[in-house]
Each structure stands twice: as C-alpha cells, then as structure tokens.
Amino acid sequence: MAFTFWLVPLASLLASYTFVLAAVEIPPSPYKNVIQNKQEGCDLYDGKWVIDEFYPLYNASSDCPFIGKGFDCLRNGRPDKNYLNYRWKPNACDLPRFDGEKFLEKNKGKKTMFVGDSISNNMWQSLTCLLHKAVPNTKYTLTTHSLLSVFSFPEYEASIMWLKNGFLVDLINDKEKGRILKLDSISSGGQWKNVDILIFNSYHWWTHTGRSQTWDYFQVGDKLIKEMDHMEAFKIALTTWSKWVDSNIDPSKIRVFFQGISASHAYKKACLRKTQPEDGSMAPYPGVDILKSVISNMTKPVELLDITLLTQLRIDGHPSIYTGSGPSFVDCSHWCLAGAPDSWNEIFYATLLRD
C-alpha cells in the first residue's frame, strides 16, 4: 500500500470522510440512548464516599493470592488503612451489597469479557476476587494466553475474562513507518462475539504523550497523520467502535457495557500522601462528553458505567508509591485493591439485579 504523509489541519483531513463529517452533537443530559442506571428515581452515580465498618469486602493478600502485585497496596507497605473502608453511597438509595454466589448463579454457563487497558484489568481483578471470596471452596482456574486472561469457575461453567486492548481500534507495526494507530479499523472484533456480557473500556492510552505514547502515526483511510489532537483521535476511534457494535452485536444474545472513564490524578503526582476522598462537585473531565455523545448516537443499547465522578473524588485510592516498584515510582492512575473498583463492580452487579 502506498502511504501519503499528511501534516495538515484536522478539519481538512476529516472533510473527505463521511463518517466523521457529520458533527457529533452532544445532546442535553441525560444522553439519548445512554442507559443511565437510574433505579426507581435513584441516580447511582450521584453520591459520595462514606466510611462503612463492613468494608473492605475482602483482604487481597489472604483471600485472593492471584491479585496483581501492583494493586495490593497493603502488601506493598501502605501504612494508612482508611482507604479500605469507603463504600460508594448514592444520595437517593443504597447499592445492594455484592453477593458473589448470586452473581455466579445468575451467570451460570455464561462468559463475561472485559476488553480494554489496565484499568479494565483493575476492575476484572476486583470482580474475580469478589467472586472467589464469596465461594472460597469452589475450584477455580486462571490462565493467560497472549493478551487474554481467563478466570473460570468450573462448577458454575462461568468465565470472567480480560482481553487487553487499550485502543479498541487496530495498532499495527509497519517495518518502514513504525507503529500506526488505525482509527477507522477493527480487525480483532471476532474475539468479542462469543461471549454473553461485554464490558469495554478505552481512554488512558489516548492521553499518553512523549515516551509513554505507543504509536508513531495515526491513520484514517490511506492517510497517515503525524500529529492530531488526541481527543479528536479518541472520538474517531470510538465512532469506529460504535459502528462495529451496531453492525455485529445482537442485544438479545450479548449485553454490552462501557466501563466509563476512570479519573487519573497523575498531574504533578497529586495522589501522593492523600489519605481520604475529596467531597463535592468536580469539574467536567476530558473525554466524558465525547464518550456519552458517541454512545447516544448508537442504534444498539450500551449501558454506561459512569464511574468518572466516583474516581475523581477518590484521590486517596491510588497505589501512589505502594506498587512494589520502589518509592521512586508513583502510580496515580490505577487503583488499590481492595478499593474503588469494588464499587464499580457493585454498580455493575446492581445493574444485573435490576433486570
């Protein structure tokens, strides 16, 4: 294929692509077609973090030895403990307490797949630990092959999977050009079809710059673009993903969620030495309106787990220097386990109970 290199304004590039030409209008909240997880008038995402003497729901070290080293902050020497005792409390109701045995019974014979980056991994590991804690005497298997990790409960014929895919669209390696992020192409979608529940996630990799950036060029059609606003690229890629879902998913067979955007506090290592959540309203978070707008224009139902405010408030919930990689490495993007991702799974569980 002959590549054409472009260093042009984004508007000029998009003019030749009809799926981008139609400006995505952001409707007033609540967004059209975005399932908001409101139960009997209760908005599950409008609330605050409260101390609960019955939390945490598990001890990562003793209950779940398979938890990734970087998420087990207690084992890595974190001295404060209060971060373990917070639960998310919607203002107008209470979330049902997570019942792992009921979850497995409800999903007996089913496959649940997380598709996304390491924040998906965070939520996947939280869910596997919650389930194992609920049925500690039930045999489980954990296998990893290439980018797919599978946690299975043979007694329930149930599998909880994580497929690592931070962009959802294709990232290829070209011998001459390097790493190319193809914003309008999905070739790995076949892996997403043979499951019962899909929880997609994509955001953090789009914010990377400099040495942490994992691509050299963007590509749309046959045109390579060296520089593009990352949120514009995110919007094009999400639109590609949404069209794939609309064309390939049968809602009567596969239920689709989007994990939502988990807030990072990495700027100036803001999570250092934080020991309690913040409170009150927060400024709009970059990318959230793009995500909601794309989902609102889909023809197939996608349930948004809108975790942004929950995570904006939990500045204390990150591993910080307690990742096991030494005090010079500060992680203000991922989350300690036990911790905030357990509440994401409680909301996920509440959504399943609702139906």
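I take a crossing as left-handed if the near helix is turned anticlockwise from the far one by less than a right angle, and as right-handed if clockwise.

**Set-up.** I am working on a predicted model, in which local features need pLDDT of at least 70 and side-chain atom pairs count only at pLDDT 80 or more, while totals for chains, interfaces and linings use all residues. Residues are numbered from 1 along each chain as its sequence is written, and side-chain values use heavy atoms, with hydrogens and water left out.

**Helix pair H6 and H7.** I looked up helix H6 (residues 230-248) against helix H7 (residues 288-296), and found that they pack at an angle of about 25° with their axes 10 Å apart. That makes H6 roughly parallel to H7, given that angles under 35 degrees count as roughly parallel, over 145 as roughly antiparallel, 65 to 115 as roughly perpendicular and the rest as oblique. The crossing of H6 and H7 is right-handed. For the axes I used lines fitted to C-alpha atoms, for helices over the stretch in contact, with angles running from 0 to 180 degrees between N-to-C directions; helices (H or I, at least four residues) and strands (E, at least two) are DSSP runs, numbered from the N terminus.

On the H6 side I listed Met231, Phe234, Lys235, Leu238, Thr239, Trp241 and Ser242, which meet Ile290, Leu291, Val294 and Ile295 in H7, contact meaning heavy atoms within 4.5 Å. The residues of this contact divide into eight nonpolar, two polar and one charged.

**Helix pair H5 and H9.** I then found that the axes of helix H5 (residues 118-134) and helix H9 (residues 340-354) come within 9 Å and cross at roughly 75°. H5 and H9 are therefore roughly perpendicular to each other.

My search of the whole structure gave 22 aromatic pairs, where rings of Phe, Tyr and Trp (its six-membered ring) pair if their centres lie within 6.5 Å. Ring pairs link Phe167, Tyr203, Trp205, Trp206, Trp215, Phe218, Phe234 and Tyr285 into a cluster. I also noted Lys226 over the face of Tyr217, at 4.7 Å from the ring centre, and the charged end of Arg314 over the ring of Trp49, 4.7 Å from its centre; the criterion is NZ of Lys or CZ of Arg within 6 Å of the ring centre and within 35 degrees of the ring normal.

**Backbone.** I found a cis peptide bond between Tyr55 and Pro56, with omega about 10°, and Pro56 lies in the loop between strand E5 (47-51) and helix H3 (60-63). Another cis peptide bond joins Leu337 and Ala338, with omega about 0°.

How values were computed
Ala, Val, Leu, Ile, Met, Phe, Trp, Tyr, Cys and Pro count as nonpolar, Asp, Glu, Lys and Arg as charged, and the others, Gly among them, as polar. Rings of Phe, Tyr and Trp (its six-membered ring) pair if their centres lie within 6.5 Å; planes under 30 degrees apart count as stacked, over 60 as edge-to-face and the rest as tilted.
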